[in-house]
Amino acid sequence: MSTMVYDKTDKGREEISTRKHQLSSRLRTILVMIDGRHSHDDLLRKFAGVGVTEDSVKELLQEGYIFLASGEEPVAPAAPKLPASARARQVARRAAGAEGAHHDDVHDDAAASLPVVASAEAPSAQALAESQLDDATRFRHLYDFYNQTIKSTIGLRGIMLQLKVEKCNNVDDFRALRLQYLEAVLKAKGSEMARSLRGRLDELLGGKPEREDFILPDN
């Protein structure tokens, strides 16, 4: 199967330049990185630390911000269809909380109209409030974020910054590195990337600083 490569649509480029549709900082960061060159697999592998997930890419695709520039979307196998009565019994048993519950045809028909609850009801990691992360989890996310984005946006010029990341022992150390990191991203990739990564970084840090010391230049 050919490699999938996505690029921005006109709507996506409009969002980057004008913020018309007010995408979340996480999705804006991903949208900035989708450039018609990185393959789908590369995006998921290289930018996982900044929130790139399969669902994120699908959301941008469904909302019309990106399009498949090359390759083919995988075709999901069709789920086997159960007879209506069997499907109704399955739903009814799940709702009742007991396997083997028996219902007559009337109850089967009513149960068939109930929504089937997904097996994984826990919220995704991305949906969790960043402010509620414990320190160990927050530290790990920040460590991954800094390392992956320094490599992808700054490259070899970020080696000294990466050494400082390695010396960080807690979340406060990462917070103290915020200004130097954002200034390096601004210099390497410009204000749009710096703005996007600033939003994601502040989410991981648990919120914006009381006094903003990183000032973006006027466009």
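**Helix packing around H11**

Analyst: Arg-138, His-141, Leu-142, Phe-145, Tyr-146, Thr-149 and Thr-153 in H7 are in contact (heavy atoms within 4.5 Å) with Met-193, Leu-197, Arg-200, Leu-201, Glu-203, Leu-204 and Leu-205 in H11. This is a predicted model, in which local features need pLDDT of at least 70, side-chain atom pairs count only at pLDDT 80 or more, and totals for chains, interfaces and linings use all residues. Residues are numbered from 1 along each chain as its sequence is written, and side-chain values use heavy atoms, leaving out hydrogens and water.

User: How are H7 and H11 oriented to each other?

Analyst: Helix H7 (residues 135-154) packs against H11 at an angle of about 165 degrees, with the axes 10 Å apart. Angles run from 0 to 180 degrees between N-to-C directions, and those over 145 count as roughly antiparallel, under 35 as roughly parallel, 65 to 115 as roughly perpendicular and the rest as oblique. H7 and H11 are therefore roughly antiparallel.

User: Which term describes the orientation of H2 and H11 to each other?

Analyst: Helix H2 (residues 25-33) and helix H11 (residues 191-205) pack at about 140 degrees, with their axes 8 Å apart. H2 and H11 are therefore oblique.

User: Is Thr-29 buried or exposed?

Analyst: Thr-29 lies in helix H2. Buried means under 20% relative accessible area, exposed over 50%, and partly exposed in between, with a 1.4 Å probe and protein chains only. Because its relative accessibility is 0%, Thr-29 counts as buried.

Methods
Helix = DSSP H or I, 4+ residues; strand = E, 2+ residues; numbered from the N terminus.
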